[in-house]
Amino acid sequence: MGESVNLFEINSLYKCYNQKEKPKVYAVYNLNLTIKKRETLGLVGESGCGKSTLGKMLLKLEQPTRGTIIFNQQDITNYSFNQMRKIRNGMQMIFQGNANAFNPYFPVEQIIREPLDNYSHESKEKKREKIVAMLEKVGLNKTYLTRYGHEMSGGQRQRVGIARALILNPEFVVCDEAVSSIDYALKNQILTLLTDLKKQFGLTYLFISHDIAAVNKICDRVIVMYLGNIVEIIPNINDKVQHPYTKALLAATLIPDPRKREKSRVLFKETEEIKIPEKGCVFQNRCLYAQQVCTIEPPALVSKDNEHYVACHLYQ
Ligand SMILES: Nc1ncnc2c1ncn2[C@@H]1O[C@H](COP(=O)(O)OP(=O)(O)O)[C@@H](O)[C@H]1O
Ligand SMILES: [Mg+2]
């Protein structure tokens, strides 16, 4: 049998958070998806739609409520902590808080060495060589080994975070809002760095962001999520988006003037409470094109060309 081109196969995945005295929240609902080896897959959607929860489930940092996760043809859904240990070095996460999450009392060398210490018994010198080589890959150098977080800029800290994530040679990296809330010039530098590293190391990225412009810049395919559901999969954001939610999301971000952006809310219907409807389409309460069928039947995620998928009754 040849090597599979899929890194992940995700089937009917659910995550439900049960909280005391509160209604159940489905952060991810019946999600089906494959992630191809060496692709940069974008994941966009409003805050709270379940993006981070999905990323964490793929790394088994959150346990799915239902469904299966196949990684490199192994069903890891019910892997124990010890079973995960053997493959966890192959999957890493870079997140927005990375830059600030470092222990302020640790110098850079120690921050990057920590994952190495968990997985290898090489000498300290050998590890230092690897760390210096990695610092150079991310545009820093050996003078950074002894620096502390407060002695560096936000961009330098972000580079250290990337070095730490890549030091174990992972195959898969979840970038969770990795370039959100940093200024434009720096954002472009980090995006270029991530793209270069991807080519050098043959990485596969799940690139989570609410910033459609950033996603558009580096992603091969983009998943649009709404309330725990995939509503559209787009080969490229320039292609014609179809789902009313994606259209509204895109229109809202492409309007540079924040006052006009406010007006673009007419693209959505306002509702007091945004929660998953009991039946039918997840977006029905806010959709301007909802028909009767949308309140009864959930639309399937379908494609005419096996590339562009949309879950909307307008297109079935
Ligand atoms: N540990 C948790 N306990 C309870 N609810 C959670 C927890 N983590 C996330 N949620 C809820 O799950 C939903 C999805 O959250 P999240 O995956 O963080 O969204 P996103 O990353 O898209 O902003 C939200 O409604 C959030 O409040
Ligand atoms: Mg998040």
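**Strands, a helix and open spaces**

Let's start with one strand contact: Phe172 has Thr204, in β8, as its bridge partner. This is a predicted model, where local features need pLDDT of at least 70 and side-chain atom pairs count only at pLDDT 80 or more, while totals for chains, interfaces and linings use all residues. Residues are numbered from 1 along each chain as its sequence is written, chains are lettered from A and ligands numbered from 1 in the order in which they are written, and side-chain values use heavy atoms, leaving out hydrogens and water.

**The sheet**

- Eight strands make an open sheet with mixed pairing, in the order β6-β7-β8-β3-β9-β10-β12-β11 (strands are DSSP runs of E, at least two residues, and helices are runs of H or I, at least four, numbered from the N terminus).
- At the edges sit β6 and β11 (302-303), each of which pairs on one side only (pairing takes at least two DSSP bridges between two strands).
- β7 (residues 172-176) runs parallel to β8 (residues 204-208), and five bridges link them.
- Strand β9 (residues 221-226) and β10 run antiparallel and share five bridges, with Ile223 standing opposite Ile233 in β10.
- Is β10 mostly covered or mostly open? Mostly covered, with six of its six residues buried (under 20% relative accessible area, using a 1.4 Å probe and protein chains only).

**Helix α6**

- Covering residues 154-166, α6 has 13 residues and reaches 19 Å from its first C-alpha to its last.
- Eleven of the 13 residues of α6 are buried, so the helix is largely enclosed by the rest of the structure.
- Among those buried residues are Arg157, Arg159, Val160, Ile162 and Leu166.

**The largest pocket**

- The largest pocket holds about 960 Å³ (on a 1 Å grid over the protein atoms alone, a pocket is an open set of points with protein on both sides within 12 Å along at least five of seven lines; a cavity is a set where a 1.4 Å probe fits but cannot get out; lining residues have an atom within 4 Å of a point).
- Its lining has 33 residues, and Tyr29, Leu227, Asn229, Ile276 and Val282 lie nearest the centre.
- β2 gives the most to this lining, with seven residues, and β10 (229-234) supplies at least two.

**The second largest pocket**

- The second largest pocket has a volume of about 600 Å³.
- Its lining counts 24 residues, with Arg88, Gln92, Pro115, Asn118 and Arg164 closest to the centre.
- The largest share of this lining, five residues, comes from α4, while α6 is one of the elements that supply at least two.
- Domain 1 (6-90 + 170-315) and domain 2 (100-169) both give residues to the lining, so the second largest pocket lies between them (the bounds come from an automatic or database domain assignment).

**Cavities**

- How many cavities of 30 Å³ or more does the structure hold? There are two.
- The largest cavity has about 70 Å³ of space.
- Residues lining the largest cavity include His243, Cys281, Phe283, Cys287, Cys294, Cys312 and His313.

How values were computed: The expected span of a helix is 1.5 Å times one less than its number of residues. Buried means under 20% relative accessible area, exposed over 50%, partly exposed in between (1.4 Å probe, protein chains only). Grid points are joined across faces, edges and corners, and a volume is the space filled by probe spheres set on the points.
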